[in-house]
Amino acid sequence: MLIKNEILKLSQEIKDNKLSLAFNRLDKMIVFKSTYPNCCSNCAGHGFKGSTGCKKDSHQSWNTRLKDFKKFLEAHKYTNDKCKMKEGNIKNYAIRLDVFKTFLNDHNKGLINKDYVLPFSVFKSGNAKLKFMNYSTIPVVNCPGAGACAKDGYCYSLKSLMRPNASLSWLQNQILEDNYFFLIEREFKSHINKHYKKNIKEGSIIDFRLYNDGDFSSLNNMVAWFDLLKKHPNVKAYGYSKSLHLIKELTLLGYEFPANYKFNISSGSKYQYLENDSILLNNPSYRGNFINFNVGRKVSPTKLTKEDTKKIRASFKNKVFICPGVCSSCTSVGHACGSDKFNNMNIIVSNH
Ligand code: SF4
């Protein structure tokens, strides 16, 4: 079983509202991860092809694992018996899958309301590469513009699907976006109030990457996000989008885009033919193009050599900015992808 593929199929089944298929698949995944508890989802035997060996899932203690979901388990009255029953034979990923199944079941039964306790955090703030507040959903399924990036396998989000916390929280977010945007709004406010007290007090801006993974999947979702951003002018949002058809459609409808949002046209879209469309280029939220470039091998932007950067510059007629890879220290004047100072400039990222 390739967990990455199962997650994508699960996401599609939920998107298509084929919930009995989704439950079936979830059950099989739970059995699989219970049977191979220490086999990571990235190994050559059970995970991604081409992986160089099994790194094994982490051996967190039972209590640590349960603590992650304390509020959710309490709210759902998971009994000790139910938990003990699983102790010893269901490990990290399987527990999370089981918790997700409870959430999906509540969705199916119409039990999700404004007070619902969610199992996974909707927003994240900070890791070494991206210190900003960020939000994600499942890639490809929620990217109507997914083209070459998904086909040729350079969509970097696909790599993260082996991580249970990432993939299951993205699945949860997909369901919230499509059905319960009021919960996204609730969590947005509470995340900011909890993690950005200093910014609120000082009146300084909060950087937010809207869709670290995934994209605008519908016009409704796009409007819901933009309406939310308008209510929070202290949040400065940016993103990379392949949903160029939706941006164009919304612009033509006369919708006023939020002043605190910038989008980069992300290469690899099946709507790439719109990249020079004046409707997009004249949209005040347009920052510029973000172009994936193959230097001849997969290499992280932080590991580019002088020869690589020379090669990139030689391939473009106009001046370009080469992505250095760490957004929080990208330039001395802030991160390029969300900055007016980089308006209309192509930003090049190495295929990694
Ligand atoms: S150019 Fe800067 S802001 Fe954009 S992705 Fe690269 S490091 Fe992040």
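Modeller: Let's go label by label. This is a predicted model, in which local features need pLDDT of at least 70 and side-chain atom pairs count only at pLDDT 80 or more, while totals for chains, interfaces and linings use all residues. Residues are numbered from 1 along each chain as its sequence is written.

Biologist: How many helices and strands does the protein have, and what makes a run count as one?

Modeller: There are 14 helices and eight strands.

Biologist: Why are helix 1 and helix 8 called roughly parallel?

Modeller: Helix 1 (residues 3-15) and helix 8 (residues 164-179) pack at about 10 degrees, axes 10 Å apart. Angles run from 0 to 180 degrees between N-to-C directions, and axes are lines fitted to C-alpha atoms, for helices over the stretch in contact. Under 35 degrees counts as roughly parallel, over 145 as roughly antiparallel, 65 to 115 as roughly perpendicular and the rest as oblique. So helix 1 and helix 8 are roughly parallel.

Biologist: Which residues make that contact?

Modeller: I7, L10, S11 and I14 of helix 1 meet S167, L171, Q174 and I175 of helix 8; contact means C-beta atoms, placed from the backbone, within 7 Å.

Biologist: What makes K311 partly exposed, but N17 exposed?

Modeller: Buried takes 20 or more other C-beta atoms within 10 Å, exposed 12 or fewer, and partly exposed is in between, with C-beta atoms placed from the backbone. K311, in helix 14, has 15, so it is partly exposed. N17, in the loop between helix 1 and helix 2, has 10, so it is exposed. Phi of N17 is near 60 degrees, a positive value in a residue other than glycine.

Biologist: And why does N344 count as exposed?

Modeller: N344 has 10 C-beta neighbours inside 10 Å, so it counts as exposed. It sits in the loop between strand 7 and strand 8, with phi near 70 degrees.

Biologist: How do you know which strands pair, and in what order do they form the sheet?

Modeller: Pairing needs at least two DSSP bridges between two strands. Five bridges join strand 4 (residues 235-241) to strand 5, and these run parallel; G239 stands opposite F263 there. Strand 6 (residues 286-293) and strand 8 (residues 346-350), also parallel, are joined by four. The eight strands form an open sheet in the order 1-2-3-4-5-6-8-7, with mixed pairing. Strand 1 (123-125) and strand 7 (320-322) are the edges, each pairing on one side only.

Biologist: What makes strand 5 mostly covered?

Modeller: Six of the six residues in strand 5 (residues 261-266) are buried. Y261, F263 and I265 lie on one side, K262, N264 and S266 on the other.

Conventions. Helix = DSSP H or I, 4+ residues; strand = E, 2+ residues; numbered from the N terminus. Contact = placed C-beta atoms within 7 Å.
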